[in-house]
Amino acid sequence: MNSVLQEIYATILPSAPFVIAAYALVWLVLFVYVVYSMTRFKKVESQVGLLEQSLSGMEKTGDATASVLK
Amino acid sequence: MDRSATKPAVGGLADKLALVLLATGTVLTTVAFILTFTVASPVIGAKVSGVELIGDQMIGNQLLLSQKIFYFHMPVAIASMVALGGTAFFGIRFLMTRDAVYDMKAKLCTEVSLVFILATMATGEMWTRFEWGVWWTWDPRLTTYFILMLMVFGYFVLRAAVEEPERRATYASIFGIIAFVDVPISFMITRLIPSSIHPVVFRTDSGMSPDMLVPLMCSLFGFLMIAFGLYRFRVRTEALALRVEAVKDQIDE
C-alpha cells in the first residue's frame, strides 16, 4: 500500500474497536432489558399459577365443608 | 387514586400492532446495520498529502469509520426522547384523571427511555473517546443530555422513596413532566449555542446522500418500533401483575 492510501485509511483500524463496541453495547443494553422484562413476566406468570393452586385448594376445602354439613 | 380503573386494556389492537412493530423494528435495525457497513458512503476527514482513485472516486481525505457509530447513536437518542415524551403525556393524563393506569404507563415509558438513554450514552462515549480523544467533555449537548439521564435516575429514586401510592404517582408525574422539559433544550442546544462541537444532524443542508439517509431512517424507525414493542410488552406484564394483586385482595376479603 502506498503512503497516500496509508494516510487515507489511517483511522480505520484504530477506530474499529470503538465502532464494534458501540454497536455491541446498544444490543447488550437492549438484551439486558429484554431479559429483565422476561424475568418479570415469568415471575408474574408463576404468581398466577400459585393463585390458581390456592383457588382450587379453597374450592376443595369448600366442597369438603359442604359434604360434612350435609 | 381511582383504583376501579386500574385495568389497562391489553390484548387489543395496540398489542397486536406492538408484536408486528417489534418484529419489523428488529428487521429494520438489522437492515440498517448491514446497509451502514455496505452501502453508506464513509465520511471524509482531514486532507492527506495526495489523491488516490478508490472505486470510481478520487479520494484526497482520510476515510472515517468512526462516523458509522452515528447510524445507531442518533436513532437511540431520538427513541429515548420520544419515550420520555410518553412519560410526560401519561403524567399529564394521571394528573387530570387520577387513574393509576396512567402512572403505571408513565413509569414504563420512563423505563424504556432509560434503556435508550444508556444506549445513547454508550455509543456517544465510544465516539467521544475516539474522535475527541476524551471520555467526557462538558459540551452543551452532552451536558443537557447528562442532566436528562440524571433526571430519569431521579424519577426512579423518587418513586422508590415515596411509599403512599397516590402521593408517589403525583410526585412522579410532576417530576416526569419537568424531566421532559429538558428534551427540547437538549435537542435544540446545538443550534442555540454555535460553539457546540457536537454535530447538528437534523437540518435542511445536512448534505446527507440517499445511501446514508436510507440506513439512518431504517435505524430510526426500527428503534422507535422496538421501543414501542418493549413498552407494550411491559404494559401487558404489569397489567397482569395488577390483576393478580386484585385477585389476591379478593381472596383475602
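Trainee: Where is the place of B:Arg98 in chain B?

Mentor: B:Arg98 sits in the loop between α2 and α3 of chain B. Helices here are DSSP runs of H or I with at least four residues, strands are E runs of at least two, and both are numbered from the N terminus. Bear in mind that this is a predicted model, where local features need pLDDT of at least 70, side-chain atom pairs count only at pLDDT 80 or more, and totals for chains, interfaces and linings use all residues. Residues are numbered from 1 along each chain as its sequence is written, with chains lettered from A and ligands numbered from 1 in the order in which they are written.

Trainee: Why does B:Arg98 count as partly exposed?

Mentor: Buried takes 20 or more other C-beta atoms within 10 Å of the residue's own, exposed takes 12 or fewer, and partly exposed is in between, with C-beta atoms placed from the backbone. B:Arg98 has 17 C-beta neighbours inside 10 Å, so partly exposed it is.

Trainee: What is the phi of B:Arg98?

Mentor: Positive, about 65°, although B:Arg98 is not a glycine. Most residues other than glycine have a negative phi. That positive phi comes just after α2(B).

Trainee: What makes α2(B) roughly antiparallel to α3(B)?

Mentor: Helix α2 (residues 70-97) and helix α3 (residues 100-132) of chain B pack at about 160°, with axes 7 Å apart. Axes are lines fitted to C-alpha atoms, for helices over the stretch in contact, and angles run from 0 to 180 degrees between N-to-C directions. Under 35 degrees is roughly parallel, over 145 roughly antiparallel, 65 to 115 roughly perpendicular, and the rest oblique. So α2(B) is roughly antiparallel to α3(B).

Trainee: Which residue classes make up the contact of α2(B) with α3(B)?

Mentor: There are 16 nonpolar, 11 polar and 3 charged residues. Nonpolar covers Ala, Val, Leu, Ile, Met, Phe, Trp, Tyr, Cys and Pro; charged covers Asp, Glu, Lys and Arg; the others, Gly among them, are polar.

Trainee: How do you know that α2(B) is largely enclosed by the rest of the structure?

Mentor: Count the buried residues: 20 of the 28 in α2(B) qualify, so the helix is largely enclosed. Its reach from first C-alpha to last is 40 Å, close to the 40 Å expected at 1.5 Å a residue; the expected span is 1.5 Å times one less than the number of residues.

Trainee: What about B:Thr110: buried or exposed?

Mentor: Buried, because 28 other C-beta atoms lie within 10 Å. B:Thr110 is in helix α3 of chain B. Leaving out residues up to four places away in sequence, it touches B:Leu84, B:Thr87, B:Val152, B:Tyr155 and B:Gly176. A contact needs C-beta atoms, placed from the backbone, within 7 Å.

Trainee: Why are α4(B) and α5(B) called roughly antiparallel?

Mentor: Helix α4 (residues 140-161) and helix α5 (residues 165-192) of chain B cross at roughly 170°, their axes coming within 9 Å. That angle makes α4(B) roughly antiparallel to α5(B). Their contact includes B:Val152 and B:Tyr155 of α4(B) and B:Gly176 of α5(B), and its residues divide into 15 nonpolar, 5 polar and 4 charged.

Trainee: How many residues does each chain bring to the contact between chain B and chain A?

Mentor: Chain B brings 33 and chain A brings 28. On the chain B side, α6(B) gives the most, with 10 residues.

Definitions and conventions. Contact = placed C-beta atoms within 7 Å.
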